[in-house]
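Below is a short report on one protein model. It goes from definitions to the whole chain, then to selected elements.

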Amino acid sequence: MFGKSNKCISILMNYSDAPNHSWFKWVIFAIQFFFMQLSEQEIIRREKLQRFAELNIDPYPAAEYPVTHYSATIKAGYKGEENKDEFSDVSLAGRIMSIRLMGKASFAVLQDKEGKIQLYINRDEICPGEDKTLYDTVWKHLIDIGDIIGVKGYVFTTKTGEISVHVKELTVLAKSLKPLPVVKEKEGETFDAVSDPEFKYRQRYADLIINPQVKETFIKRTKMINAFRNFLNEHGALEVDTPVLQNIPGGAAARPFVTHHNALDIPLYLRIANELYLKRLIVGGFDWVYEFSRNFRNEGMDRTHNPEFTVLEFYTAYKDYKWMMDTTEKLLEYVAIQTNGTTEVEVEGKTISFKAPFRRITMYDAIKQYTGFDISGMDEEQLRDVCKQLNIPVDASMGKGKLIDEIFSEKCEEHFIQPTFIIDYPVEMSPLTKKHREKPGLVERFELMINGKEMANAYSELNDPVDQLHRFEEQLRLMERGDDEAMYIDYDFLRALEYGMPPTAGIGFGIDRLCMLLTGQSSIQDVLLFPQMRPEFTIQQPADTSKE
């Protein structure tokens, strides 16, 4: 241990004295060594930094490197003798994924943003003069798998028929100090990908390098979000931004994260929903607004929940929840096609179709179908008895709405695999929703269920300020009973409603869950670039002296 430490310290000391490297870099490397156990390979790679410095080669140059071509574009476009002149002068940059040294010539595989391509490197081609250092020393002894290089040359086809780049110039662009995990491939396909969740989620940067299919998932995520945005923009909606830090965590029933604003000396909450701000904009005269919102809820974590998540919400004046169902069907069919080229996706062995129209069923009918109980006229005590008979755990803080929600969640959700609108909810479950025009005790609300999970939630929005105040007061009573997910009273929102809000339809989509469906992933962590995880080590925070 101490021998390895002394060796590393010697390397770092020498590196710190090399030209163009500051004492500060020595400190960073020292910290990296003492707080992270370096492997033999990592120490060797740091030794190579010293050799680069001795050769007066900067392993991290600042200058722009001109890239003219990419791997997949070359493979798709190169036709040999037919168009070789078009590929007689190409410049690529990327990461070395394999090296085969063969004396005065070598083969390597370069990975760029589009994929991989083979390189052919000949000593006399990249070192045309007497000095062969670039090949004999740098390429053969200082370059490792994972290093980033730039190459210039021409495209040709090897005797085995592989389209490759014959390298004429080679430039080191970034030295990799940490070896990549070994991934096995056969005929260009990965068959032994790294699947350890701890590694994948904590070191997503390395996961993206070695598992190409992971990168494809996030490219599809961007396609999906762009499809949502394009549909809404083409239909006349306006994208807006609303506050993330809020005085009142309104718009949803959820436990918020709490922070403190030092200058104003007030508590603030991270946004749990953007609904109430978007409705304020409807009051202000916008007819159709939407926002991709980063929301935060201080609740549990599992395969479908992350404390930080993305929601799309939009609100449209002079529409109702029936119009919203029709629009949602068209929107999701469009998004599926734009993302995957088809309306069908495979998820966990099931084929799910986004082809409109979707099935519609009332919440009461769904509960009756899957539990045998007709709860449409039951009071709170009767609902508690039903929960007891169905072995659903409840507590004293739960009101009528929460009890119904538990019954549906525990006994019904899992059955709705194909896209299905669950419509006409009890009023107790929906404090921001307009009462049903035909069915007393219900509201005009739907949730979209797909693959047994809620994907969207929509209302004919409540725009009666008096009724809204009464609903908020009922939520306050639930809060007093111990329900820490009940809504706060937002008096400013009530003031906005008093100016008059037109009849409005609103909806919120769980973007992360929809992305899971459209990319065939079973865990929300697989569609988040950096999912929340417990920190590897705790960093001591400096004392707060702002109030001294």
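## Basis

Buried means under 20% relative accessible area, exposed means over 50%, and partly exposed lies in between (1.4 Å probe, protein chains only). This is a predicted model: local features need pLDDT of at least 70, side-chain atom pairs count only at pLDDT 80 or more, and totals for chains, interfaces and linings use all residues. Residues are numbered from 1 along each chain as its sequence is written, and side-chain values use heavy atoms, with hydrogens and water left out.

## Whole chain

The protein chain has 548 residues, and 49% of them count as buried. Its secondary structure comes to 17 helices and 20 strands. Both are DSSP runs, numbered from the N terminus: helices are H or I with at least four residues, strands are E with at least two.

Contact means heavy atoms within 4.5 Å. Among contacts between residues at least 6 apart in sequence, 64% join residues at least 24 apart. The accessible surface is about 27700 Å², and carbon and sulfur atoms hold 52% of it. Areas come from the Shrake-Rupley method with a 1.4 Å probe; for residues, only the protein chains shown count as cover.

Strand β13 spans residues 308-317, and nine of its ten residues are buried. It pairs with two strands discussed here. Pairing requires at least two DSSP bridges between the strands.

Strand β12 (residues 288-296) runs antiparallel to β13, over nine bridges. Here V289 has Y315 of β13 as its bridge partner. Strand β20 (residues 504-510) is also antiparallel to β13, over seven bridges. L312 stands opposite F509 in β20.

Which residues of helix α13 (residues 380-389) are buried? They are L383, R384, V386 and C387. These residues cover an arc of only 160° around the axis, so they lie on the same side of α13. The arc is taken from the directions from the helix axis to the C-beta atoms. E381 and K388 are exposed on the other side of α13. The cover over the buried residues of α13 includes α14.

Helix α14 (residues 400-411) contains G401. G401 is buried, at 9% relative accessible area. Beyond its neighbours within four places in sequence, G401 contacts E428 and M429. The C-alpha atoms of G401 and M429 are separated by 4.3 Å, although the two residues are 28 residues apart along the chain.
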